[in-house]
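Colleague: Hi! Could you walk me through this one? I'd like to start with the charged pairs.

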Amino acid sequence: MLKRIEFACAGGLLVAVVILVAIASVARAMGSPIIWSVEMAQLIFAWLCMLAADIAMQEDRHFGLQVLQEILSPRASALVEIFNIVVVIGFLAFLLNYAWTNMILMHPRLVGAAQINASYIHASMVVGLLLMMRTMVSQLVRRIRNRGTN
């Protein structure tokens, strides 16, 4: 259910950024540019990127190296995969600390013509990292359960 909501939000954001860029392009060509369109496109695109990254992680579509899995036994390969997931979770937690601090620091700063707080853009990193951590923890639990049944 959450995956569907996340996918729908990402699709909606993609449509929104395309429509915004198209309207802004036509308006600029007609001689009346929309001065806040760049800031809004950045805001939408930042959120879209983070949602898309989590969706890719959920479907195991992020890049990975299969070299070790080809030379190791299935049991050792499963242990390496579990270790890798734990490392990624630790790395995401490390990044979350800095993303949170950055979001707080950016709150007083207003962005361009839109005059929105920059923290709205930087919050995408916090939410995206939390979503990716949730995804990796669920993958870790699934891999540990599957390892126990093999």
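Modeller: Happy to. This is a predicted model, and it holds five salt bridges.

Colleague: Which residue does Glu6 pair with in a salt bridge?

Modeller: Glu6 pairs with Arg134, and their closest N and O atoms are 3.2 Å apart. The two come from distant parts of the chain: Glu6 sits in helix H1 (residues 2-29) and Arg134 in helix H5, 128 residues apart.

Colleague: Is Glu6 buried or exposed?

Modeller: Glu6 counts as buried because its relative accessible area is 6%, under the 20% cut-off. Arg134 is partly exposed, at 31%.

Colleague: And what about Asp54, which side chain does it meet in a salt bridge?

Modeller: That is Arg134 again, with 3.0 Å from N to O. Here too the pair links distant parts of the chain, with Arg134 in helix H5 and Asp54 in helix H2, 80 residues apart. Asp54 is buried, since its relative accessibility is 0%. Taken together, Glu6, Asp54 and Arg134 are linked in a network of salt bridges.

Colleague: Nice. Why would such side chains pair up at all?

Modeller: In general, side chains of opposite charge can pair when their charged atoms come close.

Colleague: Where does Asp60 sit, and which helix holds its partner Arg143?

Modeller: Asp60 is in the loop between H2 and helix H3 (67-71), while Arg143 is in helix H5, 83 residues away. Their closest N and O atoms are 3.2 Å apart. Asp60 counts as partly exposed because its relative accessibility is 47%.

Colleague: Switching topic: how many residues are in the largest nonpolar core?

Modeller: It has 17 residues, and those with the most contacts inside it are Leu92, Leu129, Met132 and Met136. Helix H2 (37-58), H4 and helix H5 (119-149) are the elements that each give two or more residues to this core.

Colleague: What does Leu92 touch?

Modeller: Leaving aside residues up to four places away in sequence, Leu92 touches Leu129, Met132, Met133 and Met136. There is also a second, separate core of six residues, including Leu43, Ala46, Val111 and Ile116.

Conventions:
Residues are numbered from 1 along each chain as its sequence is written. This is a predicted model: local features need pLDDT of at least 70, side-chain atom pairs count only at pLDDT 80 or more; totals for chains, interfaces and linings use all residues. Side-chain values use heavy atoms; hydrogens and water are left out. A nonpolar core is a set of buried Ala, Val, Leu, Ile, Met, Phe, Trp, Tyr and Cys residues joined through side-chain atoms within 4.5 Å. Buried means under 20% relative accessible area, exposed over 50%, partly exposed in between (1.4 Å probe, protein chains only). Helices (H or I, at least four residues) and strands (E, at least two) are DSSP runs, numbered from the N terminus. Contact means heavy atoms within 4.5 Å. A salt bridge is a side-chain nitrogen of Lys or Arg within 4 Å of a carboxyl oxygen of Asp or Glu.
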